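Keep the sequence and the 3D view open while you read.

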Amino acid sequence: MSFWSICGDLSNVVATGLAALSIGLTLADRRKERKHERNRNIVEQKLHWYNEVVLKDIIKSLNEFVDGATRQLEHCKEHSDKNTIESDLKEIYSSINDRYKSVGERISFLRTFSMLLYRECDDKLQGIFDMYSDIINEAIQRKHIFYINIYEIQRNKQAIFAALYKWANDFVESEE
């Protein structure tokens with residue numbers, strides 16, 4: 001065998017080894033890309049489902065609950081007299097209670113995502129309901145609605161929105 005023949009065979013072996021290494025690295029990169037893409041798709045699906053539950057259901061229901069209850073109390077404040085206010089307020093309480101339970105059922109879906117998120121939102125929703133109950137109880141005792149403290153109700157509603165946003169934001173950041 002000649003020197004050049006051995007050098008040629010040796011360079012072929014080195015080139016084949018480098019090609020195999022290159023193929024191995026390319027395959028490993030492709031596996032990592034597919035795994036990353038699969039994880040990203042799962043995260044996107046979870047976020048899509050979260051958005052469906054939160055944006056299209058919970059937030060809409062919560063807004064309708066608070067706006068409807070406040071409207072009912074304002075209407076009662078302006079149009080009820082001392083003879084009918086107690087029955088009107090009991091009817092309003094029944095309506096508020098039904099809406100509260102409905103929103104509470106929707107908020108219970110948050111358990112799927114986070115038990116802490118569910119508890120935080122449920123506590124704030126309970127606070128909203130308690131404030132409406134206090135307004136109604138006071139009005140029944142006084143036979144008139146003097147003041148509807150919307151500030152605290154809106155503050156609790158905003159706290160729910162903030163918790164929902166924070167959870168989604170933290171979820172996205174933890175998955176990146």
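**Exercise 1.** Does Trp4 count as buried or exposed?

*Solution.* Keep in mind that you are looking at a predicted model.
Step 1: Find Trp4, which lies in helix H1.
Step 2: Recall the cut-off, since a residue is called exposed when its relative accessible area is over 50%.
Step 3: Trp4 has a relative accessibility of 68%, so Trp4 counts as exposed.
Step 4: For a sense of scale, look across to Asp123, 119 residues away from Trp4 in sequence; their C-alpha atoms are 83 Å apart in space.

**Exercise 2.** Describe the overall fold and dimensions of the protein chain.

*Solution.* 
Step 1: Take the secondary structure, where you will find four helices and zero strands. Along the sequence this reads α-α-α-α.
Step 2: Look at the extents: the C-alpha trace spans about 120 × 20 × 20 Å along its principal axes.
Step 3: Compare with a globule. The radius of gyration of the chain is 31 Å, while a compact globule of 176 residues would have one near 16 Å.

**Exercise 3.** Which residues touch the most other members of the largest nonpolar core?

*Solution.* 
Step 1: This core has 43 residues, and the ones touching the most other members are Phe65, Leu110, Tyr132 and Leu164.
Step 2: Ask where the core residues come from. H1 provides the largest share, 13 residues.
Step 3: Zoom in on Leu110. Leaving aside residues up to four places away in sequence, Leu110 touches Tyr50, Val54, Ile58, Leu117, Tyr118, Cys121 and Leu164.

**Exercise 4.** Work out how H1 and H3 are arranged relative to each other.

*Solution.* 
Step 1: Two packed helices are described by the angle between their axes and the distance between those axes.
Step 2: For H1 and H3 the angle is about 10° and the axes are 11 Å apart.
Step 3: Angles under 35 degrees count as roughly parallel, and H1 and H3 are therefore roughly parallel to each other.
Step 4: Now see who meets whom. From H1 come Tyr50, Leu62, Phe65, Val66, Ala69, Thr70 and Leu73, and they meet Leu117, Leu125, Ile128, Tyr132, Ile135 and Ile136 of H3.
Step 5: Sort this contact by class, and you get 12 nonpolar residues, one polar and no charged.

Technical notes:
Residues are numbered from 1 along each chain as its sequence is written. This is a predicted model: local features need pLDDT of at least 70, side-chain atom pairs count only at pLDDT 80 or more; totals for chains, interfaces and linings use all residues. Side-chain values use heavy atoms; hydrogens and water are left out. A nonpolar core is a set of buried Ala, Val, Leu, Ile, Met, Phe, Trp, Tyr and Cys residues joined through side-chain atoms within 4.5 Å. Buried means under 20% relative accessible area, exposed over 50%, partly exposed in between (1.4 Å probe, protein chains only). Helices (H or I, at least four residues) and strands (E, at least two) are DSSP runs, numbered from the N terminus. Contact means heavy atoms within 4.5 Å. Axes are lines fitted to C-alpha atoms, for helices over the stretch in contact, and angles run from 0 to 180 degrees between N-to-C directions. Angles under 35 degrees count as roughly parallel, over 145 as roughly antiparallel, 65 to 115 as roughly perpendicular and the rest as oblique. Ala, Val, Leu, Ile, Met, Phe, Trp, Tyr, Cys and Pro count as nonpolar, Asp, Glu, Lys and Arg as charged, and the others, Gly among them, as polar. The radius of gyration is taken over C-alpha atoms; the globule rule is 2.2 Å times the number of residues to the power 0.38.
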